[in-house]
Amino acid sequence: MAKKQPRVRPLLVRPGSRYTCFGDGLCCTDIHGLGPLTKKELVQIRKIDPDGAAWDEGFEARMLNTAPDGGCHFLLPDAHCEIHARYGPGAKPEGCRRFPLGLVATPAGGRITTEHRCPCRTLGDRPLLTEEAALPSLRGPNGKPRADREVVKIKLAKKVKVSFDDWRTLEAELLEKLAGGCPPEEVLAADPFPRLKHSSWEDEAETILEEAPDGTAFGFAALWFAETIRGLVVDGHRVRVPLRPWAAAFDRAEQRPAESANSADDVFADWIADEIWALKWYERPFDRARADLATRLAIARDIAWRLEAEHGVALARAAAEAVMVVELIGESDFWTEIAELIRV
Ligand code: SF4
């Protein structure tokens, strides 16, 4: 039988995904790298403003420049984009047009994915995401939807591969449980902080603490992440709570009028559902992905608890900030290396 090829059509939204851009502005800061840009994009940006973008030695890529406050060079005081305001959305680099959306090609079609490090995705009243609304952001340079990755088969465990159809059956059960209010810990059914090959969680936290602090919002997120690991795995460790340079974006999100609010449980379940749906983990077996997610969920729960207990942050917002931290670090080199060490 011919192998089913990955494709981007039809476009598929995970039922229940809610998102629209409210301009909270967090994605346009040094919470993550603002790039990479193509050569052509760099030239176009520099025509608008020669100080707007440059080669970045740290990222080893062409990136948008940030101002001393950590915001993009083009971020206006009202948290909107100057390029968008003056020249329209099409003038922005593709990465800016696309975030927080993504696309994964599968034999069943193109799964639209969403990042949860943005309060426009995680907090308050948000409309259901539709294929039509997402499509303009997902187009590549040729005008067609461009996939970030292609997935054909799924590894459930080290020597157990299943077809994409079989995976969808299994996945549907997990997503249904999450949508029905089953705690994500129960759905993942994996212990957090599994054994690490030739390392320990304490040592990994130390490495992040030594290497991450650089004064950026990302650096502070990494401090939250590593300090929380130490609080959870080292007996008697007193967590030193770092600053939260992203707080203003969440303040804006909280001030948006909302008829119905989501709860902290919704925020966590929605994130885990998207992590499963987005298949970012597809190069690893799903049993390791479960342990990875169970660990980051435990870290996120603890951060949310601390934000509420020690900073008086409302629990749904605390959960959204915590998910932002664990998603952000989950996509960094720090976590990529740790995830390789996980043993189940
Ligand atoms: S160019 Fe505009 S959309 Fe892109 S990061 Fe800067 S302010 Fe944000």
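A nonpolar core is a set of buried Ala, Val, Leu, Ile, Met, Phe, Trp, Tyr and Cys residues joined through C-beta atoms within 7 Å, and a residue is buried if 20 or more other C-beta atoms, placed from the backbone, lie within 10 Å of its own. The model is predicted, with local features needing pLDDT of at least 70 and side-chain atom pairs counting only at pLDDT 80 or more, while totals for chains, interfaces and linings use all residues. Residues are numbered from 1 along each chain as its sequence is written.

**Exercise 1.** Find which residues touch the most other members of the largest nonpolar core.

Solution. Among the 90 residues of this core, those residues are Ala221, Phe225 and Ile272. Because domain 1 (11–153) and domain 2 (154–341) both contribute residues, the core lies between them; the domain bounds come from an automatic or database assignment. Taking Ile272 next, and leaving aside neighbours within four places in sequence, its contacts (C-beta atoms within 7 Å) are Leu178, Pro184, Val187, Leu188, Leu293 and Leu297.

**Exercise 2.** Describe how domain 1 and domain 2 meet.

Solution. The domain centres, taken over C-alpha atoms, are separated by 22 Å, and 31 residues of domain 1 are in contact with 37 residues of domain 2. By class, the domain 1 side of this contact holds 11 nonpolar, 12 polar and eight charged residues.

**Exercise 3.** Characterise the shell around the ligand by residue class.

Solution. The surrounding residues include Cys28, Cys72, Cys81, Cys96, His84 and Lys92. The shell divides into nine nonpolar, one polar and one charged residue.

Note on methods
Buried ≥ 20, exposed ≤ 12 C-beta atoms within 10 Å, placed from the backbone. Contact = placed C-beta atoms within 7 Å. Near = placed C-beta within 6 Å. Nonpolar A, V, L, I, M, F, W, Y, C, P; charged D, E, K, R; others polar.
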